[in-house]
Amino acid sequence: KGVIVPTDVKIELINRLSKTGLPAIEVTSFVSSKWVPQMADHKEVMRGIERHPGVQYPVLTPNLQGFHAAVSIAAGATEVSVFGAASETFSKMNINCSIEESIEKFEDVAKSARNMNIPVRGYVSCALGCPYEGNIIPAKVAEVSKRLYSMGCYEISLGDTIGVGTPGSMKRMLEAVMKEIPVRALAVHCHDTYGQALANILTAIQMGVAVVDSSVAGLGGCPYAKGATGNIATEDVIYMLNGLGVNTGVNLYTVMEAGNFICTALNKKTNSKVAQASFSTGAVN
Amino acid sequence: MPQCDTGSLARDGRRGSVSAAAASGALPKRVKVVEVGPRDGLQNEKSVVPTPVKISLINMLAETGLQVIEATSFVSPKWVPQMADHTQVMQGITQLPGVSYPVLTPNLKGFQAAVAAGAKEVSIFGAASELFTKKNINCSIDESLERFSEVMAAARAADVPVRGYVSCVLGCPYEGKISAAKVAEVSKKMYSMGCYEISLGDTIGIGTPGSMKEMLTAVMKEVPVGALAVHCHDTYGQALANILVALQMGVSVVDASVAGLGGCPYAQGASGNVATEDLVYMLHGLGIHTGVDLQKLMDAGTFICNALNRRTNSKVSQASCRL
């Protein structure tokens, strides 16, 4: 956002993250560089990164064209993701088509992916609220999730895109979705725009969700609320999970180091409170 | 298909401190929010704020529906210069009916000055760490409680309620880990001395839902949950998750600081108190009644941040400000 990160910095970041124990690292997006210029170097990034055994490197593929580019020999993606939304208006404003039309495009991707034995992860945006429509009913989230799951997505990541959700709305939404999809196929992708992310993630975990999306150093602001934060910081999530005695296989300190690297490269402060507290003078840990 | 393993709870069966029952545990219908910004918040800010600004802040906070606002501290200005104007503040504020304005009183002298200035409720501070107590007030925990017994006696005679704080309940900057049993022991002592409520403070924000649950389980054996409050710092971003766990266990009194005022004196540059706005946002989202008007609260936060010439620490405030 604003700053375009050099390709070699991206590659270095991903390589560092590969050594932390993280099992999945979303690498890049095969979207047209017209829409997302920050991801224009998707092929170079895919070619440049180290592929560690036991680590998945999914990439976004909005349509069949992007999918083919991603899985081509040149790029070599072995897992892809598609992005749906629980809001018609958001879908229209974001990708200029209705939810139904977007599902049809994803079905094309899913079919090709199945033929090539490539797993597909499905995202549902606006699961707890939409910047345009406001409140989103849980039944709609369940409906879109079910469509994605039925077409073959192995996992559905439910995204609180503008971070408006609270443990209350998280619970209601998950109850509806869990009627349609087994909880082991669910993930939560919480934004911390209103400071609710960890409380929402805790609620999801208490309900059996065992996959959580997060962003090192809390990278990525909120495009819908200027100056506000976006993604929840991986460091802060791991700190909480460690404290809960939940095994993640991730080394918190190496994640903090990766966060420190990228923040230095981007010349910006980390959004991770754990990193802020740990790297300050006179810190106690 | 990839075996994306983030240490799946179902897979290895180890649920740690997480349970499905907790998610469905009955939450309190009402929560009393104790606003500590004017005292705990301002005391830990770098800039000192003039007395009229403090008075305006407290009055604005009282208009939001908050029932308890910690107004100031009757500690010697030699130790806490930011609170030197305690008498003027107490005399200057408009005490609304139905709103309580507790003040800190470290000893009998402070208590007497507080009551003379119009205070109707006071607070005393204990700690669950011997080393913290030694470094902070140069005596042992038992000695500190002994000193407070004078305050307790005077308060009882004057019919002034006393709130007890226990610091370092989830960790100490000097001792590190703090045993839940120790927290329970100190809490019990303060409750037995006559404190009507015990506010359990995660002073360095190091706690997680796991340690919060363990600590509360121990304390609730000694003190009824109705007399407990939590005072969580957000230094490691864990505050709201810790508060959620406390609510699930029946705690219905939560301390917070408007705009998240007050850094952490033990980790330079790190944050301290959890922001009242973010807490209220969560409580309302849970359908819990607080009586607080979030917009008015954000306005009070904007006011004091302008006066301090600093950005708010409240994410709700940051998000709601569409530039």
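Predicted model: local features only at pLDDT ≥ 70, side-chain atom pairs only at ≥ 80, totals over all residues.
Side-chain values use heavy atoms, without hydrogens and water; residues are numbered from 1 along each chain as its sequence is written, and chains are lettered from A, and ligands numbered from 1, in the order in which they are written.

- With a relative accessible area of 37%, Arg51(A) is partly exposed, a class that lies between buried (under 20% relative accessible area) and exposed (over 50%), using a 1.4 Å probe and protein chains only.
- Leaving out residues up to four places away in sequence, Arg51(A) touches Met46(A), Tyr57(A), Ala75(A), Gly76(A), Ala77(A) and Thr78(A), contact meaning heavy atoms within 4.5 Å.
- Between Arg51(A) and Ser18(A), which are 33 residues apart in sequence, the C-alpha to C-alpha distance is 7.9 Å.
- In chain B, Gln95(B) belongs to the loop between α5 (86-92) and β4 (103-104), and with 27% relative accessibility Gln95(B) counts as partly exposed.
- Beyond its neighbours within four places in sequence, Gln95(B) is in contact with Met90(B), Tyr101(B), Gly118(B) and Lys120(B), whereas its C-alpha atom is separated by 32 Å from that of Gly205(B), 110 residues apart along the chain.

- Of the 285 residues of chain A, 59% count as buried, and the C-alpha trace spans about 55 × 45 × 35 Å along its principal axes.
- Chain B contains 14 helices and 9 strands; its radius of gyration is 19 Å, close to the 20 Å from the globule rule for 323 residues, so chain B is as compact as a globular protein of that length.
- In chain B, 59% of the 323 residues are buried, and of its contacts with a separation of 6 or more, 75% are between residues 24 or more positions apart.

**Cores and buried faces**

- The largest nonpolar core has 199 residues, and those with the most contacts inside it are Leu148(A), Leu158(A), Ile201(A), Leu200(B) and Ile243(B); such a core is a set of buried Ala, Val, Leu, Ile, Met, Phe, Trp, Tyr and Cys residues joined through side-chain atoms within 4.5 Å.
- Apart from this core lies another, of 7 residues, including Val36(B), Val68(B), Tyr165(B) and Ala229(B).
- Helix α10 (residues 209-219) of chain B has buried residues Pro209(B), Gly210(B), Met212(B), Met215(B), Leu216(B), Ala218(B) and Val219(B).
- The cover over the buried residues of α10(B) includes α8 and α9 (234-243) of chain A, together with α9 (180-193), β7 (197-202), β8 (228-232) and α11 (239-248) of chain B.

Conventions. Helix = DSSP H or I, 4+ residues; strand = E, 2+ residues; numbered from the N terminus. Rg over C-alpha atoms; globule rule 2.2 N^0.38 Å.
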